[in-house]
Amino acid sequence: MLGHKVKRFKEYPAVSLESLVPQKNFYRHVEAKLDLSFVRELVKENYAATLGRPSIDPVVFFKLQLIMFFEGIRSERKLMEMVSLNLAHRWYIGYDLDEPVPNHSALSKIRTRYGLEVFQCFFEKVVELCIQAKLVWGKELYFDGTKVQANADIDTMVPRFYWEAKQHLDSLFAQDQKTGAISTTQPIQLAPPQTNGTPRGFEEKYSGERIPTHRHHWYERLTDAQVSTTDPDATPMKGSNSDKAVLGYHDHYVVDGGKARIILAVLVTPASIMDNSPMLDLERWVRFRWHLQPRLAVGDTKYGTVTNIAGLEQDGIRAYLPTSNFSDRTTFYSLDRFRYNTERDLFICPQGQELPLYKRSYSELEFVYRANRDICNVCPVKAECTASKSGRYLRRSFFQEYLDRATAYRQTEAYKKAIRKRQVWVEPLFGEAKQWHGLRRFRLRRLWKVNIEGVLIAAGQNLKRFLSRNGWGKRHFPGDCNVALALPELPLLLF
Ligand code: SF4
């Protein structure tokens, strides 16, 4: 017989939220194992000591951020709707059945009030908890980055001079309005927080502006001339599913080599900042912030620049970084056909001729060696060696000693194992963040806000490992997001 459910609700006597939430609920476990009272200390500078209405408890604010992370919710309006209806969420934030939950608009105001520094401190506190729980090994560092789409369309790009002029005019009119009548049509804007005080200050250094260098000053990037009006910090990058460019950011992770794969540092930069650029800054920050002495640092070919290899080696860390082999790209004799004489600082060519030091190129950080043009021009194998009429040139890096050391590592089994391990260490973390926690596309706009989003996602991923270690075991996380946690275990069979 066809059933027909009629809505008929009984009037229950008074019930307690405490009794309605099951003892084995996930949020009971979080409440028992994660004491968030430290956040009051982090944010107390942002509030007046005595005056004004009491704010939303910062512990409640961060609990809401964690619910958003665990449930994979992408909108604060949706979050507050869900929290209002969900008994476990209400219990976790401490709001009784008949208590109205905070308005969603309060969350963005609080985020602006706190600024990036508070969220960065929250991330660091979570890493400290992981260190105390002995989840951090600290002997190996794994570097990787991923593209994250911005919450802005590529079609919103306009000439930069137009945008800057408009910004200037807007600020002028805003000043006029301050001195004249108060406008009631203008919404009150809270000033974005200064990022000067962030623990690393990397957000400013890698803000997308040109990092001063004497190299390639003639090269103009698209973002030098154009800017998005929706998210001026996002820059064009290749879309993951199509050839069409999209606006986006790079999310950089430094991950510990221990089994728990704790994220030790996170940084979001505009997509115009390459993965390899902040590597040394992040490595040094990780070492000094967490008092670690890693033996080796591992990255893919993108990280294998001369600067990174030399910097890591100078810091006493083995640079397990592959480099591109450019010698295959020439039809002439490659560098390995020439023998370098260390004592005399010159190369010997396959014909036994000497290539002494010709000059130093400080822009390329290389020594340049040149053979005698008169000898080369009559050489029987010149067609295979060079097309130059002024003799064969060779280049040797100022840091060749470190590059040779890195090349020697590549023959070792330890290097091959580390490179295999990297593929299953960091990339699944990005997969987890994209699949379950909204890292495929940022929901906020501007660099400081997407850094807050990136920092919260990384902190949440670390907390999942922390909670698993503290008794949650293999049980489901909300939103089934522990499936991704299990994924990296499979390829470990490779070792
Ligand atoms: S071209 Fe010059 S450098 Fe090259 S093999 Fe001949 S002599 Fe040597």
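A: In strand β13, Tyr 393 is the bridge partner of Arg 370. This is a predicted model, in which local features need pLDDT of at least 70 and side-chain atom pairs count only at pLDDT 80 or more, while totals for chains, interfaces and linings use all residues. Residues are numbered from 1 along each chain as its sequence is written.

The bridge of Arg 370 and Tyr 393 belongs to the pairing of β12, residues 366-370, with β13, where five bridges join the two strands in the antiparallel sense. Two strands pair if DSSP finds at least two bridges between them, and strands are DSSP runs of E with at least two residues, just as helices are runs of H or I with at least four, both numbered from the N terminus. Strands of a sheet pair through backbone hydrogen bonds, either parallel or antiparallel.

Taken as a whole, the sheet that holds β12 and β13 is open and has five strands, which follow the order β9-β10-β11-β12-β13 with antiparallel pairing. Its edges are formed by β9 (339-341) and β13 (393-397), each of which pairs on one side only. On average, neighbouring strands of this sheet are turned by 35 degrees against each other, with direction ignored; here the axes are lines fitted to C-alpha atoms.

The link from β4 to β5 is a hairpin of six residues. Further along, β5 is joined by seven bridges to strand β6, residues 263-270, again running antiparallel, and Val 254 has Ala 265 of β6 as its bridge partner. Between β5 and β6 there is likewise a hairpin with six residues between the strands, and in this hairpin Arg 261 takes a positive phi near 50 degrees. Most residues other than glycine have a negative phi.

The ligand has its own surroundings, a shell of 13 residues, and the closest of them are Cys 349, Cys 376, Cys 379, Cys 385 and Arg 392. A residue is near a molecule if its C-beta atom, placed from the backbone, lies within 6 Å of it. Two helices, α13 (373-377) and α14 (382-385), each supply at least two residues of this shell. Sorted by class, the shell has eight nonpolar, three polar and two charged residues, where Ala, Val, Leu, Ile, Met, Phe, Trp, Tyr, Cys and Pro count as nonpolar, Asp, Glu, Lys and Arg as charged, and the others, Gly among them, as polar.

Terms used. Axes fitted to C-alpha atoms, helices over the stretch in contact; angles between N-to-C directions.
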